[in-house]
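Me: Hi! I have a structure open and would like to talk it through with you. Could you have a look?
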Amino acid sequence: MKRLLLVIVMLAIFSGAVFAEPIKIGALFDLTGGTADVGKPYAEGVRDCVRWFNEEKNGIDGRQIELLGVDYAYKIPQAIAAYKNFMRQDVVAVHGWGTGDTEALTKFVSRDKIPYFSASYSEHLTDPDKAPYNFLVGATYSDQARIALKYIKENSEEDTAAFIYNDSGFGRSPFFPDAENYAKKIGVDVVDTEIVGLKALDATSQLLNMQKKNPAYALIQETYMATSTILKDAQKLDLDTKFIGLNWTFGKTLIELAGEAANGFYGTNSFAMWNQTDVEGIKFLHELNAKYHPDVKYRAVNYVQGFSSMYVLLSALEKTEGELTGENIKAALESMKNFSTMGLTAPVSFSKDSHKGVTALKLYQIQNGEIKSVSDYISAD
Amino acid sequence: MNYTNCGNFKTSYIKDAAIFQTKFSLIMIYSFIVLTFIFPFFANTYYLYLCNTIFIAIIGAAGLNILTGFTGLISLGHGAFIGVGAYAAAYIFNNTDLNFLIVIPLAGLVTAAVGMFFGIPSLRLKGLYLSIATLAAQFILQFFFVRAEFITGGVSGAFVNFPSVFGVSINSDFSFYFVGLIFTIIMLLAAKNLIRTKTGRIFLSIRDNYIAAEAMGVNVFKYKIISFGISSFYAGVAGALWLFYLTIITPEHFTIGVSIQYLSMVIIGGLGSLLGSIFGAVFITLLPEFLRFAADNLSQIYPAVTSAFAAIREGAFGIVIILFLLLEPEGLAKRWNLIKAYWKLWPYSH
């Protein structure tokens, strides 16, 4: 009996030494809600990154990572519930998703000192005074609009622009007041603003309105569906205006939806595309997918977004000195300078004054149904 | 035990008007209240979070029940009225030195005024027509939340700091629990007594037959507006509590979906029953959590069908509600009464 007890005690001690406690990270995904079309590939990117760390890099300092993924269906109360549940399970960091839920959680996150990444690129989430534990990998919507305006200023003879957006927090966030002020500053005339709903199937009247002002370029802040409507109607009306969409408008799905009308459309995008095999990170992701998902031949840009965002978070955990507390992780993140994401994004830097990971991006254009990059990294100032 | 005599043997008006007819039910309710006050000392943050959202939902649902269940006026704008309360509380709290305990009823009063304004069409419009008019209120207010940046902070929302009372900061689920619980008890007591007053009885008469009520000399319009006011007051209090719990409010919190959610709480719980509002609020708040829990666990056993489970979960929510309406059209409150009646006669049910 005594011997048995001894064996059990030894086993307990031994297994405790070998199997260190996993590191828990919470994640909010939208797999069934309003943004599920981009949320699903994003979630797969996040999951694959964790799997890669666990299987190939033996976790973080030998500790496996446990990802507590929750599908919150783009509903704020469910996001808060999930967050409280994460806290109960002692997560060290959370990877969130939308604008509304990230904002609703900001105060809790600051109080609980939980580093919080999100896929919402709303600029006011990057101010460390108001949201000290929120971080973004990817250029903010405002920066994207600024970069687009800068591109217009440098590449067009007429400096006129219009804004097309949906009347929600997501839609208005880049333009009012950030892009509006920036346009004034660099001397681009904003001649028109038009509202097109996210699920709009017709944008003719808005485009006819815009046609009267005849702007050289129009900036679009929508998702795929409304963007394809706008592009198709613009083709129908034979508009001269060129369109630049912010990141959620741009990708292969748009080409599928809009067809010919998508040709000539520009997109601001801070992430590398699946067909850019000259980029180290994309090459690596091709290999990773061949191994993990042999039947997957193509990944949407949202997959790359999810992967690189998680990659930055996990790399920060690797760099963290001492215990994995919120404060230590935050310090590790804030000391990241020009961190390379294998070219998936421009180098990532955080500092005590800014939690914008990326401030530079490339402009892409759809040419003959192919996505081509048309600029080098442009940075917002 | 919980027996009442068959027949009326009451010897005083006080006994006749008592909410709890027997000592047993009084003891039960007091011990239940004591238990709810002890509960947070043993619960973790997640359960406290659920309780806190339930408190807010109960207050909102009780308000809607006064309007829909007791007065018979349908409203599809309750979510927006809750928003008005939240923004009003944020504005008052940020621009004055008032304690949040005073701000909450003030926000309720502001919302009551807004609700009474949007209740004016109820004079001429009934049933479906009124529901569309209140739907308009929902969209007008939502538009206002996005545009009136000087009050609401526009799309980036309204922020407040964590409030404090007697030097205790209400910055955790634990401390908020007590605020929420006390407000819920006060608001429910007020509603319970409101229904027993002349005003409450007039509400019932309007619901049952407004022509008869008018023929009896009731100023129907006045009382419809009063009903809108009281219901919106409750919505305002719920909204203000929601604000002080989250400390940030954006227009995305008060969509048409919220209005429908409150309506389904009232219907599933039981129209015209305060107990029903409580049951409905608990049920609708816990159902998505339960379904999420089930889906997460099932998808761990069968990882290949993760996304299928996610979709099934959304469908299950709808099916549960449909089944409820089919099998228990009078709501959970009715089922509760049936259960009580069963035990009253047990074991000699015949």
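Reply: Happy to. One helix to begin with is α11 of chain B, which is mostly covered: 23 of its 27 residues are buried. Keep in mind that this is a predicted model.

Me: Good to know. How far apart are the end C-alpha atoms of α11 in chain B, and what span should its residues give?
Reply: The end C-alpha atoms of helix α11 (residues 220-246) of chain B are 39 Å apart. With 27 residues at 1.5 Å a residue, the helix should span 39 Å, so the two values agree.

Me: And which residue follows α11(B)?
Reply: That is B:Thr247, and its phi is positive, near 65°.

Me: Where do A:Asn58 and A:Tyr74 lie?
Reply: A:Asn58 lies in the loop between α2 and β2 of chain A. A:Tyr74 is in the loop between β2 and α3 (76-88) of chain A.

Me: What are their relative accessible areas, for A:Asn58 and A:Tyr74?
Reply: A:Asn58 has 45% and is partly exposed. A:Tyr74 is partly exposed too, with 30%.

Me: What about A:Gly62, where does that lie?
Reply: A:Gly62 lies in the loop between α2 (36-56) and β2 (65-71) of chain A. Its relative accessibility is 41%, so A:Gly62 counts as partly exposed.

Me: How far is A:Gly62 from A:Trp97?
Reply: They are 35 residues apart in sequence, and C-alpha to C-alpha they are 28 Å apart in space.

Me: Now something on the backbone. Which residues does a cis peptide bond join in chain A?
Reply: A:Phe176 and A:Pro177, with omega about 0°. A:Pro177 lies in helix α7 (residues 175-186) of chain A.

Me: And A:Ser309, buried or exposed?
Reply: A:Ser309 counts as buried, because its relative accessibility is 0%. A:Ser309 is found in helix α12 (residues 301-319) of chain A.

Me: What is A:Ser309 in contact with, neighbours within four places in sequence aside?
Reply: Its contacts are A:Tyr42, A:His95, A:Phe117 and A:Val137.

Me: On to the interface. How many residues does each of chain B and chain A bring to the contact?
Reply: Chain B brings 33 residues and chain A brings 28 residues. The area buried between chain B and chain A is about 2800 Å², and carbon and sulfur atoms give 58% of that.

Me: Which three residues supply more than any other three of the area that chain B buries against chain A?
Reply: B:Tyr49, B:Val155 and B:Glu252, which supply 18% of that area.

Me: How many salt bridges are there across the interface of chain B and chain A?
Reply: The rule finds 3 salt bridges. In one salt bridge, the side chains of B:Asp173 and A:Lys84 meet at 2.7 Å, N to O. The count of residue pairs in polar contact between chain B and chain A is 6.

Me: Which elements of chain B give two or more residues to the side that touches chain A?
Reply: They are α3 (45-70), α6 (128-147), α11, α13 (274-301) and α14 (306-327) of chain B. The residues on that side of chain B divide into 15 nonpolar, 9 polar and 9 charged.

Notes. Residues are numbered from 1 along each chain as its sequence is written. Chains are lettered from A and ligands numbered from 1 in the order in which they are written. This is a predicted model: local features need pLDDT of at least 70, side-chain atom pairs count only at pLDDT 80 or more; totals for chains, interfaces and linings use all residues. Side-chain values use heavy atoms; hydrogens and water are left out. Helices (H or I, at least four residues) and strands (E, at least two) are DSSP runs, numbered from the N terminus. The expected span of a helix is 1.5 Å times one less than its number of residues. Buried means under 20% relative accessible area, exposed over 50%, partly exposed in between (1.4 Å probe, protein chains only). Contact means heavy atoms within 4.5 Å. Buried area is the accessible area (1.4 Å probe) that two parts lose on being put together, summed over both. A salt bridge is a side-chain nitrogen of Lys or Arg within 4 Å of a carboxyl oxygen of Asp or Glu. A polar contact is a pair of N or O atoms within 3.5 Å; within protein, one must be able to donate a hydrogen and the other to accept it, and residues adjacent in sequence count only if both atoms are side-chain atoms. Ala, Val, Leu, Ile, Met, Phe, Trp, Tyr, Cys and Pro count as nonpolar, Asp, Glu, Lys and Arg as charged, and the others, Gly among them, as polar.
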